[in-house]
Amino acid sequence: MKAHPLIITIGMVTLTSSAQPALKEVFTNYFLIGTAVTESQIAGQNPIQTTLIKKHFNAITPENMMKWEGIHPRPDRFNFAPSDRFVEFGEKNGMFIIGHTLIWHEQTPKWVFEDGQGGSASRDLLLTRMSNHIHTVVGRYKGRIKGWDVVNEALNEDGTLRSTPWLNIIGEDYLVKAFEFAHAADPGAELYYNDYSLENEPKRNGAIALVKKLQSVGAKITAIGTQTHAKLDWPSPQLVDDTLTAFGKLGVKVMIAELDIDVMPAHSQNNSAEVSRREAAAPPMNPYRLGLPDSVQQALAARYGELFAVYLRHADKISRVTFWGVTDGDSWLNNWPIRGRTNHPLLFDRSGKTKPAFTNVIETVPRPKL
Ligand code: GLA
């Protein structure tokens, strides 16, 4: 007798049992599903990861390739080879391509903030550098990179502006300037403000004030990226709900821009390299080297499920949910805040197989009533 494939309908998408559902198809009526990618994944050096990227994701963000230190390492030198390949990969696979990140205080070379004679750059010099960097990078990919993280992590936990060389040398209007330069370089591009812990009320309020300020001077801002480097117990569904509601009132879209869920025990405050190495060696700080116990696997799955349930309720405001990495093995959380641990923060395990969290995520999508 000929076997008939089992037909499963999730949302508007019909899948057969012979094929594992693709995340991007399951969520096609709700939001884009993205991932951060590395140079080696783009180059196909790990075929399992590259296959997963092509199958499941319709948006990509460069994990490190386009940060200032990589793409513009010296005043007169831009390194576009990796980002050119990244953009070609996205176009070839019909993906929404995000540029990450133009203005940040991390992974930015020291020379950017110096005058070349042992002193600090002046406001005019730094503004000229900012303008040159943004026009050169955004201009190169005009019409091809569809959205930019223009400013990353400008806020303190209490919602005030973080003391960075950008703020200290230019002044508060550095944010407006960055968005203006990006808009001038590619008027068609979406422009984002991106930060972490925005679910916490004081920082969330800081982001709201920041967006209102940009809007009040007529600067284009399309969306807020809330990174959502989550933990098993933070942020609560209520905090996420409140945050999405509050951001929705601003008339901008929201992106879950760097989603992962850290399952490691919290690290000590003393984060020096030496202490970090000692801590990493200690089994209590790295308990799941041989795999996740079932109880934690289920807790992770439940966490992903509850977060996606909130995202679906706010799907009208959310344009994209991007995971920060593809498989557990390539996550930055194996090396931060302690190097060399075995973390399990994503939907695919180290061999590229789906985890129970994957199933929970796709099961949040409502099935039509029969
Ligand atoms: C922040 C940045 C990302 C990345 C992560 C860690 O969230 O926005 O680019 O550096 O930290 O990978």
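The structure is a predicted model, in which local features need pLDDT of at least 70 and side-chain atom pairs count only at pLDDT 80 or more, while totals for chains, interfaces and linings use all residues. Residues are numbered from 1 along each chain as its sequence is written, and side-chain values use heavy atoms, with hydrogens and water left out.

Helix α9 (residues 201–216) packs against helix α10 (residues 237–248) at about 15 degrees, with the axes 11 Å apart; α9 and α10 are therefore roughly parallel to each other. Contact (heavy atoms within 4.5 Å) joins R204, A207 and I208 of α9 to L239, D242, T243, A246 and F247 of α10. By class, five nonpolar, one polar and two charged residues make up this contact.

Helix α6 (residues 123–140) and helix α8 (residues 174–185) pack at an angle of about 35 degrees, their axes lying 9 Å apart. The α6 side of the contact includes L127, M130 and I134, and the α8 side includes A178, F181 and A182. Ten nonpolar, three polar and two charged residues form the contact of α6 with α8.

The largest pocket holds about 940 Å³ of space. Among its 34 lining residues, Y196, H229, W332, L333 and W336 are the closest to the centre. The elements giving two or more residues to this lining are β9 (229–231) and β10 (253–262). By class, the lining comprises 14 nonpolar, nine polar and eleven charged residues.

Terms used. Axes fitted to C-alpha atoms, helices over the stretch in contact; angles between N-to-C directions. Helix = DSSP H or I, 4+ residues; strand = E, 2+ residues; numbered from the N terminus. Parallel < 35°, antiparallel > 145°, perpendicular 65-115°, else oblique. Nonpolar A, V, L, I, M, F, W, Y, C, P; charged D, E, K, R; others polar. 1 Å grid on protein atoms, 1.4 Å probe; cavity = no way out; pocket = protein on both sides within 12 Å on 5 of 7 lines; lining within 4 Å. Points joined across faces, edges and corners; volume = space filled by probe spheres on them.
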